[in-house]
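Dear colleague,

My notes on what was found follow below.

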Amino acid sequence: MDNVIGLEIIEVVEQAAIASARLMGKGEKDEADRVAVEAMRERMNKIHMRGRIVIGEGERDDAPMLYIGEQVGICTREDAKDVCNLDELIEIDIAVDPCEGTNLVAYGQNGSMAVLAISEKGGLFAAPDFYMNKLAAPAAAKNHVDIRKTPTQNLKIISDCLGRSIEDLVVVVMDRPRHKDLINEIRQAGARVRLISDGDVSAAISCAFSGSNIHALMGIGAAPEGVISAAAMRCLGGHFQGQLIYDPAVVKTGLIGESKESNIARLNEMGITDPDKIYNAEELASGETVLFAACGITPGTLMDGVRFFGGGARTESLVISSQSKTARFVDTIHMFDQPKSLQLN
Ligand SMILES: O=C(COP(=O)(O)O)[C@@H](O)[C@H](O)[C@H](O)[C@H](O)COP(=O)(O)O
Ligand SMILES: [Mn+2]
Ligand SMILES: [Mn+2]
């Protein structure tokens, strides 16, 4: 799987990022999302594969394409048997977020990216569009920190594992009223907090890279983004845990239903019988082979954003593979027509 689609998925995220970046700073959140979805879908449908979207633009964004269950790839077309050897092809599951951080794009802020994760069928947790409490930390702290422990305890553990004082740790938290107590506790413990308005996938993955100056992600974000983050963290060996939030009393905004009971019923219908289960990266992305790809739309901690020049654009992507055990940063010049010059760096 890795060799066949590894390179192609770079183009999938690149095309989505370029399309969305054209709307950077225009204040048009939905349009920035829509064009990314369209570009991602169009490029995905040129890949020689049999893919199924398991995490897509679902209930939350009410988008018409790349919906959960959509079949993508040349080998899902009606004439597939004429163009593909269906016996040899493995079926793959895909989790996408074509524009992760739509607000960031719309308002020209850092940290947005086009992102996806791939595994063989059944290899990614088909998370409902609920919230998820998340804990991400560097590989050195993997399985030492635990989402069941207090933030203060976890910060002490990360500090011991990294051999640096708590004061030298930076924790990313989404800037939301629901995190008031969490933020106070982290500050009380001595660590510094980087508040972000959106884009917790980038924050989670950054924990796995020393030099990012991000040592933990704590707090509640969206569950689909949790699975995509887990796919990358599983490949990178970083720590990731997630627990679904289904009680509207904990998170009062958009993503979850009217009552705790109706949410539990909905989870049961989806086959999630233990709504309180704490998932680790290996459970959220359990496939034998997991691939992750992201391309910066606006500049971020890990990747630069899309830079347009006369006749082309330059992008920076990150492709991570559990099979080849690689994390590749890919710097690409795209020539739309005949550029007058190509910028070396
Ligand atoms: O920022 C985010 C929004 O993603 P998108 O809709 O693809 O632009 C995600 O990174 C977060 O996971 C976010 O926490 C989640 O969407 C919850 O948002 P909110 O209800 O505003 O707290
Ligand atoms: Mn998102
Ligand atoms: Mn999105």
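Which residues lie nearest the centre of the second largest pocket? They are N133, P151, L182, M218 and G219, out of 16 residues that line this pocket. Before going further, please keep in mind that this is a predicted model, in which local features need pLDDT of at least 70 and side-chain atom pairs count only at pLDDT 80 or more, while totals for chains, interfaces and linings use all residues. Residues are numbered from 1 along each chain as its sequence is written, chains are lettered from A and ligands numbered from 1 in the order in which they are written, and side-chain values use heavy atoms, with hydrogens and water left out.

The second largest pocket has a volume of about 300 Å³ (the space filled by probe spheres set on the grid points, which are joined across faces, edges and corners). A pocket here is an open set of points on a 1 Å grid over the protein atoms alone, where a 1.4 Å probe fits, with protein on both sides within 12 Å along at least five of seven lines, and lining residues have an atom within 4 Å of a point. At least two lining residues come from each of β5 (131–137), α5 (151–162), α6 (180–189) and β8 (216–222) (helices, H or I, are DSSP runs of at least four residues and strands, E, of at least two, numbered from the N terminus).

Turning to the metals, the manganese ion (ligand 3) is coordinated by D97 (OD) and C99 (O) at 2.2 to 2.3 Å, where donors are N, O and S atoms within 2.8 Å of the metal (3.2 Å for Na, K and Ca), and sites may look incomplete since water is not among the atoms. D97 also bridges this ion and the manganese ion (ligand 2), the two lying 3.7 Å apart. D97 counts as buried because its relative accessibility is 8%, and C99 counts as buried at 4% (buried is under 20% relative accessible area, exposed over 50%, partly exposed in between, with a 1.4 Å probe and protein chains only).

Finally, strand β13 (residues 312–321) is largely enclosed by the rest of the structure, because nine of its ten residues are buried. β13 runs antiparallel to strand β14 (residues 326–335), to which ten bridges join it, and A313 has H334 as its bridge partner in β14 (two strands pair if DSSP finds at least two bridges between them). In the hairpin of β13 and β14, with four residues between the strands, K325 takes a positive phi near 50 degrees.

Best wishes
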